[in-house]
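Hi,

Here is the structure I promised to pass on. Have a look, and my notes follow below.

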Amino acid sequence: MMWDILTFDHFITPDVLRIAYYLGAVAMPLALWAMRAWLLRRIGLLAELDSQRQQLFASLSQRNRILVVASMILLFLFMELAWRVMFEAMIGYFQMHDYLQILAASQQGRLQ
């Protein structure tokens, strides 16, 4: 097995992609949410933009506030879905490669 990895006959990419997916889908949003206060303190432009965002949100009617929050939740869910689809396509590509390698090896066995 290790020789297959070292000779690139077997890719480790699907396993690495699964880890990258969960880091991007779960860990990154949580880390950004946790670091929000630190980022606002450290970067003045972000603090100013956040205060303008708060003023704008406070000036909205109750209905529009609900629409903004619902839109942001929906946008987040669609981004998570797109992230998932992208990783499924990449993992599917590497699985196809492995299956084609197996198929080619079985065809070589039949020809000999």
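How much of the accessible surface of the protein chain belongs to carbon and sulfur atoms? The share is 71%, out of an accessible surface of about 9300 Å² (areas come from the Shrake-Rupley method with a 1.4 Å probe; for residues, only the protein chains shown count as cover).

Before you go further: this is a predicted model, where local features need pLDDT of at least 70, side-chain atom pairs count only at pLDDT 80 or more, and totals for chains, interfaces and linings use all residues. Residues are numbered from 1 along each chain as its sequence is written, and side-chain values use heavy atoms, with hydrogens and water left out.

Now the overall picture. The protein chain has four helices and zero strands (DSSP runs, H or I of at least four residues for helices and E of at least two for strands, numbered from the N terminus). The radius of gyration is 23 Å, well over the 13 Å that the globule rule gives for 112 residues, so the chain is more spread out than a compact globule (taken over C-alpha atoms; the rule is 2.2 Å times the number of residues to the power 0.38). Along its principal axes, the C-alpha trace spans about 75 × 30 × 15 Å. Buried residues make up 9% of the 112 (buried means under 20% relative accessible area, exposed over 50%, partly exposed in between, with a 1.4 Å probe and protein chains only).

- Asp 50 sits in helix α3 (residues 44-58) and is buried, at 12% relative accessible area. Its side chain makes a polar contact of 2.8 Å with that of Arg 53 (N or O atoms within 3.5 Å, one able to donate a hydrogen and the other to accept it within protein; residues adjacent in sequence count only if both atoms are side-chain atoms).
- Leu 100 belongs to helix α4 (residues 62-111) and counts as exposed, with 52% relative accessibility. Its C-alpha atom is 15 Å from that of Asp 4, 96 residues away along the chain.

Cheers
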